[in-house]
Amino acid sequence: MRYPLLHDYSLPMDVELKKLAQKRAGLVRTVRSSYARNLLIKWFVDFELPLVSAGNHQTEYGEMPKEIELTPLEDLIDTTLGGEWGKENIEGRYDQPIKCIRGTDIPNVAKAYYDDVPVRYVQKKHIKEKLIMPNDIIVEISGGSPIQSTGRICFITKETLEDMELPVLCTNFCRVIRLKEPKYAEFVYNYLLLLYTRGYFFNLENNTTGIKNLIFGAFVKNIKVPMANSEDLFDRFYEELDEYCKNI
């Protein structure tokens, strides 16, 4: 006897296993970012450094260890890229399929969930000019709400791009930040995320057209990142972060 409703309804196990791996990756990434922010506060805000400090120096925000310098975000940036929304279907030269990250996708991408990131079609030149690379940081520049500031942010890893399988761009409502030194990108991302979650980005947006926009010029000029003067301190930061994540 057959039940027509259930006939040939077996689940594709490769798809289910892929979903499980995706969830695991998302949890690991979330925990890693949370620990990175805690470590950042401990070392670079509370100044509980894992080494003997050479003393303090005066900064615009008061005294801090000589091992730490407040660096304008703009001084760390090599370039920024705009986005491209493209077309829903192939139209003329818009024949190159991509995954296009929107502001609404940013929280999910940060958790390694990509199923809702839409496929769009762009010109080949758009991919050449605006392709997202590992260690890029994507910042939402239009959006938000009365209780949510504009400026949602995510960090792009090699695994992120591999998982999405197509070239990845972002929409016009986002902007890509690429640093001069890729090794600092995860650190800078978590510092920016810390500021965002504390509501600081509300100070960097306007609402003159009915849509809230991040004032990007003010964003890169006004944010000062507490950077280590020595590579040793950065190396220790990443070593402790990696060691913690091994135990997850």
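Predicted model: local features only at pLDDT ≥ 70, side-chain atom pairs only at ≥ 80, totals over all residues.
Residues are numbered from 1 along each chain as its sequence is written, and side-chain values rest on heavy atoms, with hydrogens and water left out.

The secondary structure of the protein chain comprises eight helices and 14 strands; helices (H or I, at least four residues) and strands (E, at least two) are DSSP runs numbered from the N terminus. The C-alpha trace spans about 80 × 45 × 35 Å along its principal axes. Of the 248 residues in the chain, 44% are buried, where buried denotes under 20% relative accessible area, exposed over 50% and partly exposed in between, for a 1.4 Å probe and protein chains only. Among contacts in the chain with a separation of 6 or more, 74% are made by residues 24 or more positions apart, a contact being defined by heavy atoms within 4.5 Å.

Helix H1 covers residues 13-45 and contains 33 residues. The distance from its first C-alpha to its last is 47 Å, close to the 48 Å expected at 1.5 Å a residue; the expected span is 1.5 Å times one less than the number of residues. The buried residues of H1 are Gln22, Gly26, Arg29, Arg32, Ser33, Tyr35, Ala36, Arg37, Leu39, Leu40, Trp43 and Phe44. The elements covering them include strand S3 (68-72), helix H3 (106-110), helix H5 (158-164), helix H6 (185-197), strand S14 (224-228) and helix H8 (231-246). After H1 comes phenylalanine 47, with a positive phi near 65°.

The axes of H1 and H8 come within 10 Å and cross at roughly 140°, with axes fitted as lines to C-alpha atoms, for helices over the stretch in contact, and angles running from 0 to 180 degrees between N-to-C directions. The two helices H1 and H8 are therefore oblique to each other, since angles under 35 degrees count as roughly parallel, over 145 as roughly antiparallel, 65 to 115 as roughly perpendicular and the rest as oblique. On the H1 side, the contact involves Val31, Arg32, Tyr35, Ala36, Leu39, Leu40, Trp43 and Phe44. The H8 side contributes Leu233, Arg236, Phe237, Glu240, Leu241, Asp242, Tyr244 and Cys245.

Two of the elements that cover H1, S3 and S14, run antiparallel and are joined by five bridges; strands are taken to pair if DSSP finds at least two bridges between them. Leucine 70 has proline 226 of S14 as its bridge partner. Four of the five residues of S3 are buried, so this strand is largely enclosed by the rest of the structure.

A separate description applies to an open sheet of four strands, which has the order S4-S11-S7-S9 and antiparallel pairing. Strand S4 (77-81) and strand S9 (153-155) stand at the edges with a single partner strand each, so one side of each lacks a neighbour in the sheet. The twist averages 20° from one strand to the next. Within this sheet, strand S7 (residues 137-140) and strand S11 (residues 174-179) pair in the antiparallel sense over four bridges, and valine 139 has arginine 175 of S11 as its bridge partner.

Helix H6 lies across S7, S9 and S11 and runs at about 160° to S9. Its 13 residues should span 18 Å at 1.5 Å a residue, which agrees with the 18 Å between its end C-alpha atoms. Because 12 of the 13 residues of H6 are buried, the helix is largely enclosed by the rest of the structure. These buried residues include Phe187, Tyr189, Tyr191 and Tyr196. Glycine 199, which follows H6, has a positive phi near 85°. H6 also packs against H8 at an angle of about 75°, with the axes 11 Å apart, which makes H6 roughly perpendicular to H8. In this packing, Ala185, Glu186 and Phe187 of H6 meet Phe234, Phe237, Tyr238 and Leu241 of H8.

Leucine 161 is located in helix H5 and counts as buried because its relative accessibility is 17%. Apart from neighbours within four places in sequence, leucine 161 is in contact with Ile132, Met133, Pro134, Ile156, Leu166 and Val168. The C-alpha atoms of leucine 161 and isoleucine 223, which are 62 residues apart along the chain, are separated by 28 Å.
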